[in-house]
Amino acid sequence: MEQFFQQLTNGLAVGGIYALIALGYTMVYGVLKLINFAHGDLFTIGSYLGLTLLTSMALTDKLGPFFGILLLAVMVMILVGIVGILLDQVAYRPLRESPRLSAVVSALGASIFFQNTIMLIYGASFHVYPQNILPRMVVNVFGLHIPMIRILVLLASVVMMLALYTFIQKTTIGTAIRAAAEDQGAAKLMGIDVNGVIMIVFFIGPALGGAAGLMVGLYYGQVNFTMGWIYGLKAFTAAILGGIGNIPGAMVGGILLGVIEALGAAYISIAWKDAIAFLVLILILIVRPTGLLGERVAEKI
Amino acid sequence: MKDQRNLIYAGFALLLLLSPLFLNRYWVDVLNSVGLYAILGLSLNIIVGYAGMFHMGHAAFYAVGAYTTAILNTTYGVPVLWAMPLSGFLAGLFALIVARPIIHLRGDYLLIVTIGLVEIVRIALINDVFGITGGSNGIFGIDRPEIFGYRIRKPAQFFYLIWAFAAVTVYLFHRLENSRFGRALTYLREDEVAAEGSGINTAHYKLAAFVIGAIWAGMIGTVFAAKMTIVSPESFSFWESVVMFMIVILGGSGSIPGVILGAFLVIGLPELFRGFANARMLFFGAAMVFMMIFRTQGIIPPRPRKYPIDEATP
C-alpha cells in the first residue's frame, strides 16, 4: 500500500507538470486551431533559463529558498512568455490564412531551431540543477513519507491552474479569450481585438510551460536539451486526452496521464511505460473520439 | 507551358541518372537517402496529400516492412528482395488492423493517435516483442540484395536500385492520382460530407488510402534493410515520421514533383549546411520556417485539375 501511495503522489506531481504544459497546447489550439509543436522546446528553454538564473544570481541565498524560487519562477515565466510571443510573430502569424498543416511544419522548424539553439549555447550533455536550493525534507502525511519537493510541485501546479481558470472565467480578458476560441469572426465583430488575444495566449501558454520546465529541473535535478520533445509529446497527449481546446480538459488529462504512467510503470512494466500511456489514449479516443471533456462537434451539412 | 515543364522534369531525371558518374561515394549515398525518403514521402502523400488525413506515424509501417525483411532473411534465409512482397503485405495488414478503429477520428485526434502508434511500435521493438526483434540492438547481418545473380553492394549500385524503384513509384502513383480512386480521395479531402453525399464510401476509401501507403512503406523497408544490413528501433522513431511528414508538406502536399523536391530539401539541406558544423540543424530549422512562410502551399503545390470540354461532352 505504501508503494501504491508513493507512486500515486509521484504520478500526481508529474501529472501536474504535464497539465501545465498541456494548457499551453490547448489554449493555442483553442484560438488558432494550431498544434504548436515548438511548445515542448519553450518548456526546455524555461528549465535552462531557470538553471542559468539560479546559478548566476544566487537568488535563493539572498531571499531564502521560498521567495528566491518564487521570484525565479516569475522571471522565467515572463522571459519564456516573451519568447512565445516572438515565436508567434515570426513563425505563425504569416501563416494564419494558409493550410493548417503548413503552420504545423513551420512549428516543427521552429522546434528544431530552438532545440539546436539550446544545444549550441549550453552543450549537448545533461545539466544538473544545484542540489542544495530546497531543504531536503521528507514530510510525514498520514504515515507516508513524501519528499517536500513533490508536494511543492503539485501545490504550485494546482495554484497556477486555479489562477488560470479564474482568470479565464472571471476577467474581461478571459472572456475575450473564450470568445475568440468560440468564433473568431464573431469575436471580431463584437469589438474584440483578436490579435491581442492571440498575443496574450502566446504569453500565458509558454509562461506556464516555462514554469513547468523550472519545476522539472527542481524535481528531477537534471535537464537536457532534447527533453522538450518527450515532455511536449506527453503533454500534447494529455491535451488530446482531455479534449483539445478545452482548458479544464487539459488539467484533467495531464493529471490522469501522470497517474496512469506512474502506476503503469510500477505495476505493469517500466519498459512499456510510454506505450501504456499511448495505449490508454488510443482506447479512450476509440470510445470517445473527442477526448474526455471535448464537446461533440456536429458535422456541418 | 506543359512541354516546358516536361522538359525540366526530363532534364532533371537525366541529370540524376548520370550523377553517380561524377559524384563521389559520399554524395551518391546522400542521393540514396534522398531516394528512399522520396519514395516514403510519396507513399505518405497518398494518406496526407490526397486523402487529407493527418498521419504522423508512417515510420511504424516502414518498421514493419524492414523488420519483416530482416527476420525472413536472417532467420529463414529468404533472399532479401524476395522478402519484399511479404514485407509490403504485412505492413498493409498491420495498417488495416490498426487503422480500422481509428480512421473516423477527426484531424488532430488522428494525428496524436498515429504518433502514439509509432511510439508503441518502437517500444515494442526495443522490448523484443515475440522474442524475434532483437531488442534495442536490432537485427544485423542482413544479406545484400541480388538481382539476376548480380550482387548489389556499392552506393552507386544501390543508387540505381533505389531510383528505379522511385521511378516505378512515380509512374504508378501518377496513374493513381488521375484514376477514379484518386479523384474520390481528392473529393474526400476537400469536403467529406459532400463526398459522402455523392455516394463515396468515405471510411472505405480512407482505409484503402492508409493501406496502400503502408504497403509501399513496407516495401521500402525491404530496400532500407538491404542497404543498411542492420535494422534497429532507433531508425523508426517518431522523428522519422516527422521527417516524412515535413517532406510532404514542405514540398507540396498532394503533388508528386513537390514531394520529390521536398525529399531533396529536407534530406539534402542539412548536408549542404555541413560547413556550419554544429549549427547546421539550427539553420535548417530556420530555413524550414522561412520556406513555409514564403510558400505557404508548399514549394510545388499540386496544379488544379483541368478537363478539356470536348472530352467531357460527347
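How many nonpolar, polar and charged residues does the lining of the second largest pocket have? The lining has 25 nonpolar, seven polar and eight charged residues (Ala, Val, Leu, Ile, Met, Phe, Trp, Tyr, Cys and Pro count as nonpolar, Asp, Glu, Lys and Arg as charged, and the others, Gly among them, as polar). The model is predicted, with local features needing pLDDT of at least 70 and side-chain atom pairs pLDDT 80 or more, whereas totals for chains, interfaces and linings use all residues. Residues are numbered from 1 along each chain as its sequence is written, chains are lettered from A in the order in which they are written, and side-chain values use heavy atoms, without hydrogens and water.

The volume of this second largest pocket is about 1700 Å³. Of its 40 lining residues, B:Tyr9, B:His174, B:Ile256, B:Pro257 and B:Arg303 are the closest to the centre. A pocket is an open set of points on a 1 Å grid where a 1.4 Å probe fits, with protein on both sides within 12 Å along at least five of seven lines; lining residues have an atom within 4 Å of a point. H6(B) contributes the most to this lining, with ten residues. The helices of chain B tabulated here each supply at least two lining residues.

| Helix (chain B) | Residues |
|---|---|
| H1 | 2-22 |
| H6 | 155-177 |
| H7 | 180-190 |
| H11 | 256-272 |

Helices are DSSP runs (H or I, at least four residues).

Over all chains, the structure holds 26 aromatic pairs (ring centres within 6.5 Å; planes under 30 degrees apart are stacked, over 60 edge-to-face and the rest tilted). B:Phe61 and B:Phe94 form an edge-to-face pair, because their ring centres are 6.1 Å apart and their planes lie at 75°. This pair links helix H3 and helix H4 of chain B, its members being 33 residues apart. Ring pairs also join B:Phe12, B:Phe159, B:Tyr160, B:Trp163 and B:Phe264 into a cluster.

How values were computed. Grid points are joined across faces, edges and corners, and a volume is the space filled by probe spheres set on the points. Rings of Phe, Tyr and Trp (its six-membered ring) pair if their centres lie within 6.5 Å; planes under 30 degrees apart count as stacked, over 60 as edge-to-face and the rest as tilted.
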